[in-house]
Amino acid sequence: MSPGRLGAWFLACRPKTLSVSLAPVLVGTALAWQQQAYLLWLPLLAAALGAALIQIGTNLFNDVGDFLRGADQPGRIGPPRATAEGWLTPTAVRAGAWASFALAFACGIYLVSHGGWPIVVIGLCSLAAGWAYTGGPRPIAYGPLGELFVIAFFGVVAVGGSYYLQTLALSPAAVLAGLQLGLLAAAVITVNNYRDLDSDATSGKRTLAVRLGRPATRWLYAGELLSPYLLLGGTVWPLLSLPLALWLIRRFWREKPGPGFNGLLAATAGLQLAFALLLTLSLTI
């Protein structure tokens with residue numbers, strides 16, 4: 001049953017995973033607050049909105065790109081895609097993706113006026129990477145570098161950029177926190193690629209999961225979830241989310257890939273948000 005036009009756009013944006021782009025902004029801003037004890041609200045809001053819009057645009061490009069490349073085949077066990085289901089036309093979804101990027105660019109104009117040329121570099125690279133994730137002759141999502149892309153742009157760049165907008169400087173603590181958030185965000189991609197491993201291999205996608213196989217990908221997921229806790233140092237609040245991480249690893253290892261992994265994907269994104277919120281709490285109290 002079709003969800004209706006508005007419902008189709010809502011699902012195409014993949015709202016359950018948008019926290020992946022917002023959590024790094026929160027943590028980067030909290031780090032700045034810890035060090036300077038004041039907050040610049042307009043840069044925070046513009047950065048959060050811009051990050052969400054870049055992710056929405058990337059999701060829409062992924063929706064239409066997978067359809068046009070034949071990756072969304074009948075029998076796909078992931079959530080239904082708006083273009084593949086015929087809810088929205090490829091032209092409309094691509095236009096929506098470009099519109100999201102245009103709005104993100106508009107946010108970036110203000111951020112550049114505040115942060116200068118480093119924000120120009122971050123913004124343009126983020127937009128280009130969002131498009132290249134599924135677009136272009138060699139999409140990132142169709143090779144083994146998807147997780148690395150997420151660690152870089154939804155982790156280190158996002159946290160570091162948010163910190164820079166508050167302080168006009170960069171610190172090793174921001175880079176470390178970006179790595180922690182990025183690893184947890186990459187685990188979301190790993191769940192997706194592990195679930196779709198068989199269909200991806202058939203359609204020619206050579207994701208890291210396809211190249212490693214299922215046993216090694218299970219270890220990869222465990223490493224992505226546990227490494228951020230090993231990097232905590234003296235910060236203890238995020239350890240409260242460790243039981244959830246262990247439960248997700250257990251489920252990932254034991255559950256047969258299928259529709260149940262859709263919930264596991266959302267729960268993995270939820271772990272990143274929980275980790276971010278607890279890390280923010282530890283930085284601001």
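What should the 28 residues of helix H3 (residues 41-68) span at 1.5 Å a residue, and how far apart are its end C-alpha atoms? Keep that in mind while you open this predicted model.

**Stop 1: helix H3.** Select residues 41-68 and check the distance between the end C-alpha atoms: they are 41 Å apart, which agrees with the 40 Å that 28 residues should span at 1.5 Å a residue.

**Stop 2: the whole chain.** Zoom out and colour by secondary structure. You will find 12 helices and 0 strands in the protein chain. The radius of gyration is 18 Å, close to the 19 Å that the globule rule gives for 285 residues, so the chain is as compact as a globular protein of that length. Along the principal axes, its C-alpha atoms fill a box of roughly 55 × 40 × 30 Å. Of the 285 residues, 52% count as buried.

Stop 3: Select Arg14, in the loop between helix H1 (5-12) and helix H2 (19-36). Its phi is near 55°, a positive value in a residue other than glycine. Most residues other than glycine have a negative phi.

Stop 4: Move on to Leu168, which sits in the loop between helix H6 (146-167) and helix H7 (172-195). The phi of Leu168 is also positive, near 60°. Show the side chain too: Leu168 counts as partly exposed because its relative accessibility is 48%.

**Last stop: the surface.** Then colour the charges: the mean positions of the 18 positive and 10 negative ones are 2 Å apart.

Terms used:
Residues numbered from 1 in each chain as written. Predicted model: local features only at pLDDT ≥ 70, side-chain atom pairs only at ≥ 80, totals over all residues. Heavy atoms only, no water. Helix = DSSP H or I, 4+ residues; strand = E, 2+ residues; numbered from the N terminus. Buried < 20%, exposed > 50% of the residue type's maximum accessible area, 1.4 Å probe, protein only. Expected span 1.5 Å × (residues − 1). Rg over C-alpha atoms; globule rule 2.2 N^0.38 Å. Lys, Arg positive; Asp, Glu negative; His and termini not counted. Charge placed at Lys NZ, Arg CZ, Asp CG, Glu CD.
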